[in-house]
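Please look through the following structure with attention to its aromatic contacts and to its pocket. The briefing below takes these topics in turn.

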Amino acid sequence: MSPKTKKQLEEIRGQSREKILNAALELFAEQGYHNTSINQIRIKAEVSKGLIYNYFESKEQLLNDLVMESMAEGDVYMNEMMQLATAQEKIRYIIDLSFEFIVKRADYSRLLTSLALQIEHFPDFPGLKQIIIGKYTGLMPILESLFVEIGIPNPKEEALLFAAMIDGVGIEYCVLKDALPADTIKKYLIEKYTNR
C-alpha cells in the first residue's frame, strides 16, 4: 500500500474534523451544551479523545467553531441575497433560506436557538452576545429597506415583526417538528411579501 499524498491526508483530516463537529452539533442540540461531555462526542463521532483534542482545545472551542462557521455561512448567504435584483427576490430568498435552515438543518437551528435563549449562561463566550446582537441589528436596516421598496407601511416595525415571525417559527419547529405546518407558513409569507 502506497503512502497517502498530502492532499489525501488533508482530506482525511477535514473529514475527521467534520465528523467531530457534526457529532458535537447533534449532541449539543439534543441534550444541551452543558449536558454534553467530550466523551459523549467521542463516542458519537467514533473517534478517540486524543483525536478530538488534536483538532479542538476544548468543548468550548468546539462550540465556538460551530457558531463561527454558522455566522460565516450566514455572511455568504447575505452576500448572495444582496446580488438579487428586486426586493421581492431578496425577501423570497430570505424566507426560503430561513425555512431550509429551520427544517432541513434543525440541529443547527435548535443549537443556535438554545444558545440565544441561554446567552447569559455562557460566560466563556463573552463575545457571543455581541455577535448575535450585531447580526440582528445589521439585518434590520436591510429588511426595512426591502419593505420600503415593496411599499409596506411602517417598514421598520414590519422588519421587526418579520424577524420575530421567522424566529418564532424556528422555536416552534424545535418543539413541534413535523406537526408544525412549516410549508403552509412559508407559502403564506412568500405570498404576503412577494405578491406586491
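Six aromatic pairs are present in the structure, a pair being rings of Phe, Tyr or Trp (its six-membered ring) with centres within 6.5 Å, called stacked when the planes are under 30 degrees apart, edge-to-face when over 60, and tilted for the rest. The model is predicted, so local features need pLDDT of at least 70 and side-chain atom pairs count only at pLDDT 80 or more, while totals for chains, interfaces and linings use all residues. Residues are numbered from 1 along each chain as its sequence is written, and side-chain values use heavy atoms, with hydrogens and water left out.

**Aromatic contacts**
- The ring centres of Phe-147 and Phe-162 are 5.6 Å apart with planes at 70°, so this pair is edge-to-face.
- Phe-147 lies in helix H7 and Phe-162 in helix H8, 15 residues apart, and their pair links distant parts of the chain; helices are DSSP runs (H or I, at least four residues) numbered from the N terminus.
- Phe-147, at 0% relative accessibility, is buried, as is Phe-162 at 2% (buried means under 20% relative accessible area, exposed over 50%, partly exposed in between, with a 1.4 Å probe and protein chains only).
- Together with Tyr-193, Phe-147 and Phe-162 form one aromatic cluster.

**Largest pocket**
- Helices H4 (59-82), H5 (87-104), H6 (106-117), H7 (128-149) and H8 (155-176) each supply at least two residues of the lining of the largest pocket, and H7 gives the most, with eleven.
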